[in-house]
Amino acid sequence: MDKYMMEPKTIRTVDAEKFVGETVKIYGWVEDKRILGNIMFLTLKDGYGKIQVTIKKTGDASIYNRALATQRQSVVYVIGKVSKYENVLELIPEKYFLVSQAHHPLPIDPTGRTPASLPNLIEYRPLSLRIDRVNAVFRIRGLVKKLIREYFYGIGAVEVDTPKIIAAASEGGAELFKVEYFDEQAYLAQSPQLYKEQLTMGLTYVFEIAQFYRAEKSHTRKHLTEFTSVDFEGAYIDYNGAMDVLEGLVKHVLKGLAEEGRRYYEVLGREPPKPVESIPRIRYDDLYEYVRSRGKMIKWGDDFDSEALSIIAEKYRGFYFIIDWPWDTKPFYIYRVGDYTQSFDLMYNEMELASGGTREHRYSELRKGIIDKDLNIKSFEYHVRYYKYGMPPHAGFGLGLDRFVQILVGAENIREVVLYPRDPERLIP
Ligand code: AMO
């Protein structure tokens with residue numbers, strides 16, 4: 001295998017004027033193979049760039065024959081000279097190894113010329129990453145995660161890891177997946193909510209980017225049973241402070257995508273999303289009145305259903321916050337003010353991207369909230385006890401990374417931006 005050892009020269013670096021005349025060693029997969037008279041042209045890609053390999057029939061016959069036997073999408077290793085012919089950079093092989101043959105027929109067309117259905121793209125995910133558009137989406141997703149981390153580190157937040165196997169409901173509401181934990185019943189965490197709140201006691205600003213689980217049989221374009229959540233919690237701030245942090249994060253990501261993500265957006269045939277000046281904060285009550293004025297008679301205290309959200313999204317485009325939700329719509333840990341709460345959802349058109357708020361940090365008020373929501377106080381004792389020892393006022397949010405990336409690349413379906421999506425019908429691959 002020695003001769004196949006990777007050299008730190010990807011096609012990206014080879015595909016440059018400065019290598020003209022030099023002998024280079026490169027790996028890649030054969031995207032295309034064309035024969036024109038006495039010459040065979042291979043297009044070699046490695047996920048960073050591509051280069052044309054030109055093989056003359058009149059040259060080394062063994063190279064020509066091995067190239068002829070190479071099926072499209074096979075991995076090859078080529079040692080050759082970079083040259084330039086009529087402004088096209090090409091590689092003239094001196095050695096040619098067929099490293100890993102691709103057996104045809106292929107289940108999907110990695111050139112993207114014959115479009116594959118979304119279920120097929122997921123079924124053959126590793127191969128689908130050779131489709132430029134699919135590849136660009138996951139490079140954007142990676143970049144978004146990097147930018148989010150960069151932002152949080154920039155404001156002094158500490159990256160934390162909370163358990164995903166837990167003994168009791170993390171926050172009530174959603175259905176949980178059960179896990180057999182030796183002789184005990186455990187659950188998969190639906191969010192890091194209570195842990196991240198506890199951690200503000202000593203770490204002050206914390207964040208986590210991790211997968212969480214909801215056992216909900218939703219069959220929509222925006223729900224998964226395993227999703228990635230970007231969680232933030234900060235001590236000594238209220239919901240306005242938490243919205244400032246989230247707004248700062250959105251701006252940082254948009255700026256970063258425009259600066260570092262342009263080449264991926266070019267592949268998608270679109271511009272990176274436009275920067276935002278500021279994100280409006282609109283009260284629940286104002287939207288409630290507006291929806292009713294448009295003839296949709298929702299009840300005060302109800303969540304906005306999809307019909308109400310499309311009415312709202314006709315008026316509010318792009319990013320906006322819905323703030324000051326009724327107590328009935330929010331979980332027990334949110335800071336209550338009479339019938340209202342200090343809470344917010346971040347929206348993009350009709351899509352909810354995040355929710356958050358000021359949290360209840362007073363021991364007895366927190367207990368009241370749990371009881372008011374008809375939750376079993378016993379299963380929260382392990383949590384509320386910490387509130388007796390000097391819990392700081394705090395606020396935070398949870399942002400759905402998959403939905404965020406979905407709107408950033410303009411994908412119709414959340415499954416387009418998740419490598420191996422999990423939904424009620426899918427456990428493989
Ligand atoms: P919530 O339940 O609103 O809040 O979730 C926060 C965000 O996570 C995303 N999300 C999902 N994405 C895909 N599939 C799902 N099934 C799914 N469920 C949620 C959404 C949503 O806006 N602990 C609170 C957050 C907080 O207050 O800090 C929470 O979990 O984008």
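Reply: This is a predicted model. Just after helix α6, T204 takes a positive phi of about 70°.

Me: Which residues of α6 are called buried, and what makes them so?

Reply: In α6, residues 193-203, they are Q193, L194, K196, E197, Q198 and T200. Buried means under 20% relative accessible area, so each of these six falls under that cut-off.

Me: How do you know what the buried residues of α6 pack against?

Reply: The test is contact, meaning heavy atoms within 4.5 Å. The elements they pack against are β10 (205-213), β11 (226-235), α12 (381-384) and β18 (394-400).

Me: Why is β18 called mostly covered?

Reply: Of its 7 residues, 7 are buried, and buried means under 20% relative accessible area; therefore the strand is described as mostly covered. On one side are H394, G396, G398 and G400, on the other A395, F397 and L399, and both faces are covered.

Me: What makes β11 and β18 a pair?

Reply: Two strands pair if there are at least two bridges between them. β11 and β18 have 7 bridges, in the antiparallel sense, so they count as paired. F232 has F397 in β18 as its bridge partner.

Me: How do you know that β17 also pairs with β18?

Reply: Strand β17, residues 351-358, joins β18 over 5 bridges in the antiparallel sense. At least two are needed, so this pair qualifies. Here A354 stands opposite L399 in β18.

Me: How much of the whole protein is buried?

Reply: Buried residues make up 50% of its 429 residues.

Notes
Residues are numbered from 1 along each chain as its sequence is written. This is a predicted model: local features need pLDDT of at least 70, side-chain atom pairs count only at pLDDT 80 or more; totals for chains, interfaces and linings use all residues. Side-chain values use heavy atoms; hydrogens and water are left out. Buried means under 20% relative accessible area, exposed over 50%, partly exposed in between (1.4 Å probe, protein chains only). Helices (H or I, at least four residues) and strands (E, at least two) are DSSP runs, numbered from the N terminus.
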